[in-house]
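This report describes a protein structure for a reader who is new to the subject. Please look at the sequence and the three-dimensional view before reading on.

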Amino acid sequence: MPMKKVMKGNEAAAWAAKLAKPKVVAAFPITPSTLVPEKISEFVADGEMDAEFIKVESEHSAISACVGASAAGVRTFTATASQGLALMHEVLFIAAGMRLPIVMAIGNRALSAPINIWNDWQDTISERDTGWMQFYAENNQEALDLILIAFKVAEDERVLLPAMVGFDAFILTHTVEPVEIPDQEVVDEFLGEYVPKHAYLDPARPITQGALGFPAHYMEARYTVWEAMENARKVIKEVFDEFEKKFGRRYHMIEEYKTDDAEIILLTMGSLAGTLKEFVDKKREEGIKIGAAKMTVYRPFPIEEIRALAKKAKVLAILEKDISFGIGGAVFADTSRALINEKEKPIMLDFILGLGGRDVTFENLEEVVEISKKALEGEKVEEINWIGLRKEIL
Amino acid sequence: MAVRKPPITTREYWAPGHAACAGCGPAIVMRLATKAFSEAMEEKYGDPNAFAIAHATGCMEVVSGVFPYTSWKAPWIHVAFENAAAVASGVEAAWKKLGRKGKILAIGGDGGTADIGLQALSGMLERRHNVVYLMYDNEAYMNTGIQRSSSTPYGAWTTTSPPGKYSIGEDKPKKWVALIAAAHQIPYVATASIGDPYDFYRKMKKAASVDGPAFVQVLAPCVPGWRIPPEKTVEVAKLAIETGLWPLFEIENGDFHNIKFQRFPKDGKFKKPIEDYLRLQGRFKHLFKRPEAIQELKNQIKELWRILGKEVELP
Ligand SMILES: Cc1ncc(C[n+]2csc(CCOP(=O)(O)OP(=O)(O)O)c2C)c(N)n1
Ligand code: SF4
């Protein structure tokens, strides 16, 4: 029988790692994810988890050790956030290029400067081109579930790519919520043992991993990463189906809420989706036709799902906690790419909000709707809007 | 008296056809080190192949692993410049979990070890992974075209320590990573030179045989980097020992009071002057117009020996 426990997001991630039975975990503490390695070391100390836990001296070595372990042929897990993820940056490309199905939990946190430990998505968003799959959790249950799902997808022969699962700093990492912990036997059935197909350092079958790729081969090697990420779209959906069958919870690339007759659709990721659903209910009561949508998978980007969603809306408002300086929000840019050749597309607006832990309030969301309504009525508005900015201290 | 030389196995793990320069010192290191490793593995586990290699970016990695070819007849992985020690930690942890017997060999140049990789090295040693870290010391970043490293000796020319009106070349004393490694109180640390291949072979075997981490720093001349003719590689490496410039020693468990020396003259007087070593190499050519710089180099070497507990005379 699955057991319900009240726990923080970080604990949910550690529980997911425990259930997935990785043979090697290498991690280095960083706020807000510190509890993940702490909890894992407790599991290991109590004999509840049979993993080698390498207490590395930095995140760079954490991900390097994970690459070594994964290349030696075992299931591997790590956790980090923010500066820690940035320190891993170089090796993230390598892990994907070497097609190693490492899974990493991220307590999504802002990046310096100024130093800030609170939530936004700048850390993972900045790694979107590394070849890692990216999942974003709305709540602690999703953090646990998506880590299990990430392992399953990452290790699929058609994919073999690493994956990161983001859950918002403090909003989820440190907030307790009831979480259903699935039965170990069901997880075992779902994940199975990791059997490496291509990467294992075995003296009986010596292979060279991480070779030098000359111009004659490099592009093809990168193409295979592209292809694997394309395959991941299908595999993720299959795994979502299987997950539902085994565990009863349903996941979607993009989860929609009251979108069918909506004129304005607010699209976001992570924990903000919960707030949006409440807000939509409130606006619906006021008779305003709005809906919400949550992107669970950001890489591979859900192109088809975005197109389907966009067909329903007159205004597609993207709410995101990140910024790509010189262009705008990254999710907005990606969403635009998905719609560029569509015959009919909604007006698209971007809202940068909640950076560095700034609260996203109903007042902020009212502002989003106000601007969206103006656009709907044909008024000219800004494409990129910073919401909740304290202009008086600029 | 003739020295009895230990036999060197005929097994090969470093295949010919790699792209190293003719006369490359580090290439000799690769071949000898893996041979020694296999012998240790055979004695320890009854399987000469019971090892895997984690390699840092650098000349030896680049010349040996050009897709779709490889020079390695052993399981081998390269990830990046600074993380061979961390990658080896992960491989070792995985092998432990898989119940696979054997030892991991991590290899890095002086740049990948003394500079950018020092942190990962220290972490790996401190955590006591069952890994031998082999630093082949060609005393500069050769792969990127001969830039100085913290292991470049005083006075040497490199492209980033050029001698000039205001410069004698590299102006800092060499960083001795073997001593830093020994400070971790790990089971075994040694210096070696391809100028004494039997000594190097014995030390690699020893390093591979101990339980826990070991570190070996081996001097390996680089033909273009040192500006030497290809046939002089071993001779130069030998002169480094004979002039006292390259101490050969072993430190076990960080016991600096009981350092074992090899090829040390009984009376502490080195017979050959350091100038013999310098003269063979283009990278020191300019020093001969600056005798005070040569004197400074000698002072630094004497100081190194003093730290190691030996008073020496350098002619
Ligand atoms: C992070 C990073 N910085 C710089 C480089 C460029 N780089 C590659 S190899 C190398 C020098 C290697 O020097 P060393 O470790 O002494 O080995 P050698 O080439 O002499 O064999 C440099 C600077 C790199 N690959 N990665
Ligand atoms: S540049 Fe030096 S280290 Fe590199 S292959 Fe040539 S001789 Fe060897």
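The sections below treat the chains, the domains, the chain interface and some local features.

## Basis of the report

This is a predicted model, in which local features need pLDDT of at least 70, side-chain atom pairs count only at pLDDT 80 or more, and totals for chains, interfaces and linings use all residues. Residues are numbered from 1 along each chain as its sequence is written, chains are lettered from A and ligands numbered from 1 in the order in which they are written, and side-chain values use heavy atoms, with hydrogens and water left out.

## The two chains

Chain A contains 12 helices and 16 strands; helices (H or I, at least four residues) and strands (E, at least two) are DSSP runs, numbered from the N terminus. The C-alpha atoms of chain A occupy a box of roughly 70 × 55 × 45 Å along the principal axes. The radius of gyration of chain A is 21 Å, which agrees with the value near 21 Å for a compact globule of 394 residues. This radius is taken over C-alpha atoms, and the globule rule is 2.2 Å times the number of residues to the power 0.38.

Chain B has 11 helices and 10 strands. Its radius of gyration is 19 Å, close to the 20 Å that the globule rule gives for 315 residues, so chain B is as compact as a globular protein of that length. The box filled by the C-alpha atoms of chain B is roughly 60 × 45 × 40 Å, again along the principal axes.

## The domains of chain A

Chain A is assigned domain 1 (3–247) and domain 2 (254–393), with bounds that come from an automatic or database domain assignment. The centres of the two domains, taken over C-alpha atoms, are separated by 28 Å. In domain 1, 28 residues are in contact with 33 residues of domain 2, where contact means heavy atoms within 4.5 Å. Together the domains bury about 2200 Å², 56% of it on carbon and sulfur atoms; buried area is the accessible area (1.4 Å probe) that two parts lose on being put together, summed over both. A:Trp121, A:Arg128 and A:Glu138 supply 31% of the area that domain 1 buries against domain 2, more than any other three residues.

What joins A:Glu138 to A:Lys294? Their side chains meet in a salt bridge, at 2.8 Å from N to O. A:Lys294 lies in strand β12 (residues 290–295) and A:Glu138 in the loop between β6 and α6, so the pair ties together parts of chain A that are 156 residues apart in sequence. A salt bridge here is a side-chain nitrogen of Lys or Arg within 4 Å of a carboxyl oxygen of Asp or Glu.

## The interface of chains A and B

At the chain interface, 36 residues of chain A are in contact with 39 residues of chain B. The area buried between the chains is about 2900 Å², of which carbon and sulfur atoms give 65%. A:Leu201, A:Pro203 and A:Leu212 supply 21% of the area that chain A buries against chain B, more than any other three residues.

Side chains of opposite charge can pair when their charged atoms come close. The rule finds 4 salt bridges between chain A and chain B. B:Arg127 forms a salt bridge with A:Glu57, with the closest N and O atoms 3.0 Å apart. Another salt bridge links B:Lys96 and A:Glu52 (3.8 Å, N to O). B:Lys96 lies in helix α3 (residues 84–98) of chain B and A:Glu52 in strand β3 of chain A, so this pair joins two chains.

## Local features

Two cis peptide bonds may be located in the view. One joins A:Thr31 and A:Pro32, with omega about 10 degrees; A:Pro32 lies in the loop between β2 (24–27) and α2 (35–45) of chain A. In chain B, the peptide bond from B:Phe67 to B:Pro68 is cis, with omega near 0 degrees, and B:Pro68 is placed in the loop between α2 (59–64) and β2 (76–78).

B:Gln185 has a positive phi of about 55 degrees although it is not a glycine. B:Gln185 is found in the loop between α6 (177–182) and β7 (188–193) of chain B.
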